[in-house]
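Work through these two exercises with the model open beside you. Try each task before you read its solution.

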Amino acid sequence: MQTVLFHETVFGPIHSRRLGASLGINLMPNDGKICSFDCLYCEAGYNAQGAGTSGLPAREEVRELLEAKLQQLKADNAPLDVITFSGNGEPTLHHHFAEIIDDTIALRDKYFPAVKISVLTNSTRISRPEVAAALRKVDNNILKLDSAFDSTVRLLDRPAPGYSVERTIESLASFGRQGIIQTMFTRGEHRGEPVDNTTDAEVDALIDAYRRIAPGEIMIYTIDRPTPETSLQRIPRAELDVIADKIRRATGIEVQVSG
């Protein structure tokens, strides 16, 4: 079974296709995965690998590790574009997520004031006031929406019970231009059932959702590393460009493509 990617709370900097030189913060265990999605394409593997034994890092530990790393990078005059919350699961599940965002902003302002702060979230907890307030404070509030159909989300993203695309779109729309919508495009099959969010029907439904949400930007991308569902295909860049052009023409929103 494919296992977690990140074995540190603060890792990198690594090169991000979308964000540049990125210092990562993993608020999930270093030896397991905790997520409210269980995506077929997740580079950190399936949730079935378990939560591990290390537990979630304490707020104080995250702050100390981040400050030490920023001090080192500054002393080394190392390039840094962004501090990114990602890792082995959904960062907003951490019970001190909002406070950790405040700590990160303070440390960023102290050591690298020009660096941006990004959060990659699957959007499952954005209706919580404390989570939404924290996300409004960061530079890049990157919010997932892989399909406007519940059936596709259930197959591709495999959310925890109770997920609703309609409720998610309503919550995403509350951010307006403060949000960046991120969509992963792929196709293949899972347990004999076809998976494909690149069809005309899928893209048209996403366009309707993007119009309702009216984000500041849309990011579309495809798989880049091995995935737990091995049948999934990387979508060719030329095809992503066609999808992006269709979205731009229909919405007037800037679309960034990684592929």
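**Exercise 1.** Find the span of helix 1 in this predicted model, then work out which of its residues are buried and where they sit around the axis.

*Solution.* 

Step 1. Helix 1 covers residues 59-75, which is 17 residues. From its first C-alpha to its last it reaches 24 Å. That is close to the 24 Å expected at 1.5 Å a residue.

Step 2. Now look for residues under 20% relative accessible area. In helix 1 these are V62, L66, K69, L70 and L73.

Step 3. Their arc around the axis is only 100°, so they lie on the same side of helix 1. An α-helix has 3.6 residues a turn, so residues three or four places apart point the same way.

Step 4. Turn to the other side of helix 1: E64 and A75 are exposed there.

Step 5. Ask what covers the buried residues of helix 1. The cover includes strand 1 (10-16), strand 2 (20-26), strand 3 (82-86) and helix 2 (97-111).

Step 6. N77 has a positive phi of about 55°.

**Exercise 2.** How many disulfides does a search of the whole structure find? Check C35 and C42 in turn.

*Solution.* 

Step 1. The search finds 0 disulfides.

Step 2. Take C35. Its nearest cysteine sulfur belongs to C39, 6.4 Å away. A disulfide needs the two sulfur atoms within 2.5 Å. C35 is in no disulfide.

Step 3. Take C42. Its closest cysteine sulfur is also in C39, at 6.2 Å, which is too far for a bond.

Step 4. Compare accessibility. C35, at 23%, counts as partly exposed. C42, at 18%, counts as buried.

Technical notes
Residues are numbered from 1 along each chain as its sequence is written. This is a predicted model: local features need pLDDT of at least 70, side-chain atom pairs count only at pLDDT 80 or more; totals for chains, interfaces and linings use all residues. Side-chain values use heavy atoms; hydrogens and water are left out. Helices (H or I, at least four residues) and strands (E, at least two) are DSSP runs, numbered from the N terminus. The expected span of a helix is 1.5 Å times one less than its number of residues. Buried means under 20% relative accessible area, exposed over 50%, partly exposed in between (1.4 Å probe, protein chains only). The arc is that of the directions from the helix axis to the C-beta atoms. Contact means heavy atoms within 4.5 Å.
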